[in-house]
Each structure stands twice: as structure tokens, then as C-alpha cells.
Amino acid sequence: MKAVPSRPRPSSSAAPCFVELSGVSKRYELRAGTDLLALDGVECAVAESCFCGIVGPSGCGKSTLLMLTAGLYLPSAGQIVVAGRPVNGPCPDVGMVFQRDLLLEWRTVIDNVLLPIELKRLRKADFEERARSLLRLVGLVGFEDSYPEQLSIGMRQRAALCRSLIHDPALLLMDEPFASVDALTREKLGLDLLRLTTEPAKTVLFVTHSVEEAVLLSDQVLVMSPRPGRILRRFDVDLPKPRTLASRSDPRFHRLVGEIRGVFQAAGVLS
Amino acid sequence: MREARLNVTVVLVYVLLLAAWQLAGSAFSVPAFILPSPLAILQRAARSPGVLAFHTLVTLQEVVLGFLLAVLASIPLGILIVSSRLLERLFYPLLVAFQAIPKVALAPILVVWFGFGLTSKVSLAFVTAMFPIVINTVVGMARTPPEMIHLMRSLGASRLQIFAKVRLPAAAPHIFGGLKVGITLSMVGAVVGEFIASNSGLGNFLLIANNAFDSPLLFAVVIVLSLLSVALFYAIEVIEALVLPRPLRRKAIDLELGARA
């Protein structure tokens with residue numbers, strides 16, 4: 001597998017990045033007097049270069065967890081530390097991917113990928129080669145100058161993935177990134193994602209509804225409770241690497257999926 | 001090729017309709033003061049091209065000035081309404097209440113304020129054009145999904161960057177929709193103003209022709225008015241085509257089709 005070519009970095013040594021949440025709660029004020037407790041005392045630590053899957057029922061605060069980690073909202077209680085620094089505002093060294101690809105329709109694919117560079121007021125020319133090689137890695141050669149409307153949903157999400165990686169962030173936050181992609185493309189995209197985030201290694205928080213997807217891709221799976229969200233259990237995934245579609249037929253894969261389902265059952269999520 | 005054939009068909013249909021009108025007048029012996037024939041209208045227009053051109057220019061000037069002022073006021077107002085909840089609470093109900101007033105009712109007040117000249121007509125064209133431009137700006141600006149704002153903020157984007165790189169381009173097809181409605185409405189505003197009190201302009205000329213029982217001239221003025229509206233409308237379309245990148249242009253067409261459906 002080709003590695004992403006070397007790229008300019010703002011500083012020569014990147015800070016070791018890991019994520020630590022201690023006693024994190026988030027309360028949204030809906031109207032005066034009515035509150036919604038989205039997260040309740042979340043404790044978790046994610047090691048550097050760890051691919052961490054987060055699974056939980058709908059509305060359990062998974063997205064809120066990512067928003068807080070990115071510094072887009074501040075927690076109502078508790079503290080979040082990313083790369084050794086407490087988060088108290090938008091974190092600059094983060095890439096985000098959402099369920100919707102959020103490509104700008106009026107920009108070509110390559111200009112969409114270069115958007116973070118533009119926002120950070122770096123020279124676009126310095127990153128164009130990197131953008132092209134990322135697009136090549138996800139199989140979008142020849143679509144650099146197409147508009148998003150000319151791409152399929154899967155291809156659009158690949159372009160969004162390139163956009164999240166262009167500035168080489170240490171931390172990748174993904175909120176159900178493949179939820180609107182068909183099942184076959186979805187597994188392919190997941191394995192592509194692994195390739196892109198192991199070389200160079202990135203810390204990834206990957207929110208998903210699919211237990212199988214979480215187990216297939218992750219080093220560690222966090223299982224969340226229904227709202228208000230808490231971390232119910234943590235599983236280490238000891239499947240051999242690199243993961244392939246064949247990892248799915250490993251007995252350990254099925255055992256883990258079964259165990260995680262068991263946690264949901266015990267919490268009354270699955271019946 | 002198909003495009004060319006389409007155009008030929010359109011022209012042919014127009015020619016046929018005009019011919020039918022021409023023939024119908026004599027066939028059913030409709031009196032000329034009720035429905036003058038197209039040729040009679042053309043001949044009447046040809047007899048006083050200078051006067052017609054003079055009044056057209058007066059109206060054009062009123063419409064363009066009023067419309068430009070409306071654009072300058074409405075787009076920023078729309079942006080302000082979207083960007084601040086206080087300003088939304090302040091201006092939005094006011095705007096809707098103002099739109100509920102028939103603009104004709106404002107004409108006498110504006111004449112009292114600004115007199116018989118250009119200013120009263122420009123201000124009426126201005127107030128009639130404003131509403132659709134403000135509303136479409138608001139609708140367009142509000143279209144950006146919250147995740148997009150999250151994404152932009154996570155990349156360290158400032159409010160100005162979010163506005164310039166996401167919100168405004170996303171709103172552009174809607175704003176142009178508002179401009180197209182606005183330009184035709186400002187035409188209505190200007191002519192109504194001329195009806196109420198003026199000494200020149202196509203609306204004024206229409207009244208003169210009416211008082212003189214000059215039906216062919218009356219028709220000629222109405223036709224010039226509608227041609228002027230069409231020309232201004234397409235002028236906006238041309239600007240839109242020059243300003244918007246291709247995918248947004250298609251979106252603008254989709255919007256119009258949606259509005260028609």
C-alpha cells in the first residue's frame with residue numbers, strides 16, 4: 001500500500017495526541033426551565049493512534065461527544081484533554097466527517113478538498129499535490145475537476161474523507177460517516193479509511209450505529225448507554241491487522257459482536 | 001440542433017398569434033378603439049418614436065434606480081435578519097406588516113414627501129421591490145445545514161469566512177430568484193407612482209393617451225411597458241449566468257421549476 005507522500009507540517013514535531021474525557025456532562029437548555037441531559041459523567045481515555053469505535057442507541061449523545069471533543073461546544077461539567085491540552089475552543093488539529101458529505105456544490109472536488117487549507121490561510125499551491133494523492137488513494141483519479149453533483153454518494157463521501165485529512169490532523173472525528181452509503185460500498189469505505197489512518201497513524205473517534213462496523217474497524221470499542229449517555233463498557237478488539245473483509249469470518253469477530261449486543265440487551269436497548 | 005428547432009417554433013407561434021389578431025379585427029369587425037390591430041399599433045408608435053422613447057427612458061431610470069436601491073438595502077437587511085435573533089425579532093414582523101400595505105396606498109404619501117419628480121417614483125419602485133429580495137435572501141441564507149457550520153468552525157473558520165465561503169454562495173440562487181421578482185415589481189411601483197402624480201414616464205403617457213381616446217397609442221405604451229419588463233428580467237438572468245458557477249446555475253433553474261410546479 002502506498003504511503004501518503006511527505007507533506008509540509010507547520011512544526012517539525014507533532015504533539016502526541018490522545019483524548020481524555022473526565023466526568024464530562026452536557027446539558028442543553030431547550031427552553032427556559034426545560035433541560036436535556038445529553039451526556040452524564042462520561043469517562044474515557046483514547047490512546048494515541050487508536051481507532052476507537054463508539055456505538056450506542058439513537059440519541060445517546062454520541063454526536064455531542066464528538067462536538068465537545070472538537071471544542072465546538074463546551075461541556076457543562078468535567079474536562080476534555082486533547083493532545084495534553086484542555087479543550088476550551090475549536091481545536092485546530094482536528095478533521096471531521098459527518099453523515100452528510102457537506103461538499104460545497106459550487107466548488108470542484110479538488111477545491112472542496114483544499115477548503116481547510118484555504119480557511120487556515122495556508123498556500124493552496126503547497127497542498128495541491130497532497131490533495132491529488134489523497135484523491136488517488138481513495139480512487140477518485142480523474143474526478144479532481146468534477147463538481148460534487150457529478151459523483152455518486154460513495155464517491156462524495158470519499159472526497160469528504162480527503163477533505164478531513166488534507167491538513168494532516170492528529171485527530172479524526174467521524175459521526176456516522178458511512179450511514180448513507182449502501183452496504184457493499186460501506187465495507188470498502190471502512191477499509192479505505194483504515195488504510196488512510198494507519199499511515200501516518202491517526203487517532204480516530206468513529207461513531208456508528210453498526211456494531212459489526214465498529215468491531216471490524218476499531219482497536220477499541222466504547223459502548224454507550226441510552227440518554228443520558230454514559231460509557232457502559234470498553235472492549236479491546238484483538239483481531240489481527242491489517243483488517244480485511246476476511247476479518248469478518250474470524251470467530252473472535254463474532255464473539256465480540258455478540259458480547260457488545262449482550263451489553264445493549266442488558267441495558268434494555270435490544271430486546 | 002434541437003435548440004434551434006425549438007426557437008423557430010417559438011417565433012412561428014408568436015407570428016401566427018399576431019396574424020390571427022390582425023385578421024380577427026377585420027373579420028369580426030371589432031371597432032379600432034376597442035381592439036386596434038397590431039399594424040395600427042405599430043403605425044401609431046412609429047408616428048411618435050421620440051416621445052415614446054423619452055417616456056420609456058424616464059420610467060427605465062426610475063425602475064433601475066429604485067431597484068438598485070432595493071438591492072443595496074434588502075440583501076444586507078436579509079443578512080442581518082439571519083445573523084442576529086434580536087434583529088430578526090425587530091425587523092421581520094415589521095417587514096411582513098409593511099408588505100401587507102398595498103403599495104398604491106403609499107403613493108400619495110410619497111408624493112407629499114418627495115414631490116412630483118423622480119424621487120417619489122424611485123422610492124415607490126424601491127419599496128415594492130424590497131420584500132421579495134429580503135425574503136429570498138433570508139430563505140437562502142438559512143439553508144446552510146448546522147453540520148456545515150460545525151465543520152467550518154472545527155477548521156477554525158471565522159464568522160466572516162463562513163459567510164463568504166458557505167452561506168452567501170449557497171444563498172445566491174435564491175437571491176437571484178428574489179431579484180427577478182423584484183425587478184418586475186419595481187416596474188409596477190414606478191408606473192403606479194406615475195399614475196398618481198407625475199409629468200413624464202410611461203404611466204403618465206398612458207394617462208395622456210387615455211384622455212385623448214387614442215387606443216392604438218394606449219396599446220403601444222402597454223406593449224413598450226411589457227417589453228421593458230421582459231428586457232429587465234432577462235438582464236438579471238444574464239448577470240446571474242455570469243456570476244453563478246455552473247452547479248448553482250442549475251440549482252437556480254430547479255428552484256424556478258419548483259416554484260412553477
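Predicted model: local features only at pLDDT ≥ 70, side-chain atom pairs only at ≥ 80, totals over all residues.
Strand E9 of chain A covers residues 220-224 and strand E10 of chain A covers residues 231-236. The two strands run antiparallel and are linked by five bridges. Within this pairing, Val221(A) lies opposite Phe235(A), a residue of E10(A).

Chain A also touches chain B. The contact draws 18 residues from chain A and 17 residues from chain B. On the side of chain A that touches chain B, two or more residues are given by each of helix H1 (62-70), strand E6 (94-97) and helix H3 (115-119) of chain A. That side of chain A comprises 14 nonpolar and four charged residues, with no polar residues.

In chain B, helix H7 (residues 146-154) packs with helix H8 (residues 159-196). The axes of these two helices of chain B come within 11 Å and cross at roughly 130°. An angle over 145 degrees would count as roughly antiparallel, and one of 65 to 115 degrees as roughly perpendicular; H7(B) and H8(B) are therefore oblique to each other. The crossing of H7(B) past H8(B) is right-handed. H7(B) contributes Met148(B), Ile149(B) and Met152(B) to the contact, and H8(B) contributes Gln161(B), Ile162(B) and Val166(B). By class, this contact of H7(B) with H8(B) holds five nonpolar residues and one polar residue, and no charged residues.

How values were computed:
Residues numbered from 1 in each chain as written. Chains lettered and ligands numbered in written order. Contact = placed C-beta atoms within 7 Å. Helix = DSSP H or I, 4+ residues; strand = E, 2+ residues; numbered from the N terminus. Nonpolar A, V, L, I, M, F, W, Y, C, P; charged D, E, K, R; others polar. Pairing = 2+ DSSP bridges. Axes fitted to C-alpha atoms, helices over the stretch in contact; angles between N-to-C directions. Parallel < 35°, antiparallel > 145°, perpendicular 65-115°, else oblique. Left-handed = near helix turned anticlockwise from the far one by under 90°.
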